[in-house]
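Please keep the sequence and the coordinates at hand while reading.

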Amino acid sequence: MKPIFQMSADARLLLGRLEKASVGELLAYDELSAVISRPVGGAFGPLRTALRRMLRDHDAVFACVTGKGVKRLSDAEIVDEGVQAMDKVRRRAQRSVERQMKADFSKLDRERQARFSAQVSVMGTIAFMARGSSVEKLAKATTPDRKELPVAETLKLFAK
């Protein structure tokens, strides 16, 4: 039986401080370090745990501010952060396609050729769909009252 995850004392203490953060507030790493009496950075495990718990259980989104701390984001900042995430996904997909294309397709067995084709096709599609112009095309085709489009409808919009 798999053990149930238990947060560390440090993660619980950090979570307690994050719960008190107001929208737009920057919590400095120094302040968070004082909460648990040891250094805290952006990649610190207990902080990552507390941030994930805030997202999951409290619908609160935080972002790392390089060299300073973590900031609780407003609704507008959450949407703006999505642009950076899409850029990162697009670049990662493009690099993946570039690496895949270095394989000699003719030397692959049939199963790997099929996997190669599928992977390159999917990554190419992701890179295409994550472009700023593609997102703008979708934004223009949707109505403001819709929070999310079904996948099939999204794909139809790209097929036009």
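## Arg90 and the basis of the model

Arg90 is found in helix α4, residues 75-100, where helices are DSSP runs of H or I with at least four residues, strands are runs of E with at least two, and both are numbered from the N terminus. The residue is buried, with a relative accessible area of 19%; buried stands for under 20% relative accessible area, exposed for over 50%, and partly exposed for what lies in between, with a 1.4 Å probe and protein chains only. Setting aside residues up to four places away in sequence, Arg90 touches Ala127, Ala130 and Arg131, a contact being heavy atoms within 4.5 Å.

This is a predicted model, in which local features need pLDDT of at least 70 and side-chain atom pairs count only at pLDDT 80 or more, while totals for chains, interfaces and linings use all residues. Residues are numbered from 1 along each chain as its sequence is written, and side-chain values use heavy atoms, with hydrogens and water left out.

## Confidence

The protein chain averages a pLDDT of 91, and 96% of the residues score at least 70, pLDDT being the predictor's confidence in each residue, from 0 to 100. Confidence is highest in strand β1 (residues 26-28), at 97, and lowest in helix α7 (residues 151-159), at a mean of 85.

## Overall form

The protein chain holds 7 helices and 3 strands, which run from the N terminus in the order α-β-α-α-β-β-α-α-α-α. Its radius of gyration is 21 Å, whereas a compact globule of 160 residues would have one near 15 Å; the radius is taken over C-alpha atoms, and the globule rule is 2.2 Å times the number of residues to the power 0.38. Along the principal axes, the C-alpha trace spans about 60 × 45 × 35 Å.

Buried residues make up 28% of the 160 residues. Of the contacts with a separation of 6 or more, 49% join residues 24 or more positions apart.

## The largest nonpolar core

The largest nonpolar core has 19 residues, among which Leu18, Leu47, Phe62 and Val70 touch the most other members; such a core is a set of buried Ala, Val, Leu, Ile, Met, Phe, Trp, Tyr and Cys residues joined through side-chain atoms within 4.5 Å. The elements that give two or more residues to this core are α1 (9-19), α2 (29-36) and α3 (45-58). Leu18, leaving out residues up to four places away in sequence, touches Leu27, Leu47, Ala50, Leu51, Met54, Phe62 and Val70.

Helix α3 has 14 residues and reaches 19 Å from its first C-alpha to its last, close to the 20 Å expected at 1.5 Å a residue, a span defined as 1.5 Å times one less than the number of residues. Its buried residues are Pro46, Leu47, Thr49, Ala50, Leu51, Arg53 and Met54, and what covers them includes α1, α2, β2 (62-65) and β3 (69-72). After α3 comes Asp59, whose phi is positive, near 55 degrees.

Arg17 lies in helix α1 and is buried, with a relative accessible area of 15%. Beyond its neighbours within four places in sequence, Arg17 is in contact with Glu25, Leu27, Glu31, Leu32 and Val35.

Lys68 has its place in the loop between β2 and β3, and, apart from neighbours within four places in sequence, is in contact with Leu26, Leu27, Ala28 and Tyr29. Lys68 and Ser33 are 35 residues apart in sequence and 12 Å apart in space, C-alpha to C-alpha.
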